[in-house]
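Colleague: I would like to learn how to read a model such as this one. Please take me through it feature by feature.

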Amino acid sequence: KLVEEGTISELEERLRDKLTILQEKFSALIYETRGLGAMWAHEIVSDKIRNEIIRRAEELASEDEYGLRLLGAGKKAIRFMPPLNISTDMLDFGLSLYEKVLSTL
C-alpha cells in the first residue's frame, strides 16, 4: 500500500509512532523526536554519536547494498524526509534498518 493512497497525516502518524518507539528503546542515544507532516528528526545526545550512527548506516548501505542513507541536520540531529509516495512496507523496512544501526551502539 502506498502512503499517497492515504493522507499526509497517516504518514505523519506512522513516522511519529515508530520514531517515538525507537526513542524510548534507545533513550541513551536519542534525546528527542520532533517533526511535522513527512519531515521528522531524532535529536541525538551528542554530535559524536550522531556521526557514528551515520557512519554505521553508510557501512550497512555499502556492505549489504541497502538504500538507507542518513543525513545529519544541525549539530546533533538526524532528519527523516521520506518521499510522499513511499510504500508503508518500504518505510517500515527503512526504519528497521535504522533500528539495526542503533542496536550496534
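Modeller: Contact here means heavy atoms within 4.5 Å. Leaving aside neighbours within four places in sequence, Ile53 is in contact with Ile44, Leu70, Ile78, Tyr98, Val101, Leu102 and Leu105. This is a predicted model, in which local features need pLDDT of at least 70 and side-chain atom pairs count only at pLDDT 80 or more, while totals for chains, interfaces and linings use all residues. Residues are numbered from 1 along each chain as its sequence is written, and side-chain values use heavy atoms, with hydrogens and water left out.

Colleague: Which residues touch the most other members of the largest nonpolar core?

Modeller: First the terms. Buried means under 20% relative accessible area, exposed over 50%, and partly exposed in between, with a 1.4 Å probe and protein chains only. A nonpolar core is a set of buried Ala, Val, Leu, Ile, Met, Phe, Trp, Tyr and Cys residues joined through side-chain atoms within 4.5 Å. The largest one here has 25 residues, and Leu19, Ile53, Leu70, Ile78, Phe80 and Tyr98 touch the most other members. Two or more residues each come from α1 (8–25), β2 (39–44), α2 (47–64), β4 and α3 (88–102). The most come from α3, which gives six.

Colleague: How are those elements defined, and in what order do they run from the N terminus?

Modeller: Helices (H or I, at least four residues) and strands (E, at least two) are DSSP runs, numbered from the N terminus. The protein has three helices and four strands, in the order α-β-β-α-β-β-α.

Colleague: How should I read a helix that has a buried side?

Modeller: An α-helix has 3.6 residues a turn, so residues three or four places apart point the same way. In α1, the buried residues are Leu11, Glu12, Leu15, Leu19 and Leu22. Down the axis of α1 they fall within an arc of 105°, so they line one face of the helix; the arc is that of the directions from the helix axis to the C-beta atoms. Ile21, Glu24 and Lys25 are exposed on the other side of α1. The cover over the buried residues of α1 includes β1 (30–36), β2, β4 and α3.

Colleague: Which strands pair with β2, and how many bridges join them?

Modeller: Two strands pair if DSSP finds at least two bridges between them. Six bridges join β1 to β2, and these two run antiparallel. Gly35 stands opposite Trp40 in β2. The hairpin of β1 and β2 has two residues between the strands, and Gly37 takes a positive phi near 60° there. Four bridges join β2 to β4, also antiparallel, with Glu43 opposite Ala77 in β4. As for cover, five of the six residues of β2 are buried.

Colleague: Is Lys75 buried or exposed?

Modeller: Lys75 is exposed, with a relative accessible area of 71%. Lys75 lies in the loop between β3 (71–73) and β4 (77–80). Not counting residues up to four places away in sequence, Lys75 touches Asp47 and Arg50. Between Lys75 and Glu43 there are 32 places in sequence and 9.0 Å in space, C-alpha to C-alpha.

Colleague: What share of the whole protein counts as buried?

Modeller: Of its 105 residues, 36% count as buried. Among contacts between residues at least 6 apart in sequence, 63% join residues at least 24 apart.
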